[in-house]
Amino acid sequence: MKYLHLMIVVLLLAAPVASAQNMLVRKAAVQEVQDGGGDVFVPISKYIAAGNSEALSAWFADNLEIAVLARESDASRAQARQIVKTFFDTYTPRSFDVTHTAGRANMKYALGTLKAGGESFVVTIFMSCKDSSYKIQQLKIERL
């Protein structure tokens, strides 16, 4: 029983640290583009290719449309992160290449090819700008 109490205390103390680390990862991902004034799809592509759902979710809007293998839903950032993590766990990414981008004021769009789990997928990303920061509003992953 003594060990159970100790484990509960350790878990309670670790939760805020994990949450703070997640926030730092998100801030670093967004800062990476803002510092370089670069293309938002460069770090996003890197995170997709690496299967890094945590860093990718830094780019998610608070609520977004997500469709993975024909299962569509409106999701919170946390829900979308878990959906993408499950996909990456099932289909380990090998490479991701952006094949087309387009955009105009306050909107950006990209199409890419993801090689994962021995299969090929088309990834569609739609972003919009709010408060001088781009966020993913829609993410779709379909078999090629």
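Which residues does I136 touch, not counting residues up to four places away in sequence? In this predicted model, where local features require pLDDT of at least 70, side-chain atom pairs count only at pLDDT 80 or more, and totals for chains, interfaces and linings use all residues, I136 contacts (heavy atoms within 4.5 Å) I44, L56, W59, F60, A61, L64, I125, F126 and M127. Residues are numbered from 1 along each chain as its sequence is written, and side-chain values use heavy atoms, with hydrogens and water left out.

I136 is also among the residues with the most contacts inside the largest nonpolar core, together with I44, I48, L56, I125 and M127. This core has 31 residues; a nonpolar core is a set of buried (under 20% relative accessible area, 1.4 Å probe, protein chains only) Ala, Val, Leu, Ile, Met, Phe, Trp, Tyr and Cys residues joined through side-chain atoms within 4.5 Å. Two or more residues are contributed to it by each of α2 (41–50), α3 (53–57), β1 (60–68), α4 (77–90), β4 (107–116), β5 (119–130) and β6 (133–143). Helices (H or I, at least four residues) and strands (E, at least two) are DSSP runs, numbered from the N terminus.

β4 and β5 pair in the antiparallel sense over ten bridges, and T124 in β5 is the bridge partner of L111.

Methods:
Buried < 20%, exposed > 50% of the residue type's maximum accessible area, 1.4 Å probe, protein only. Pairing = 2+ DSSP bridges.
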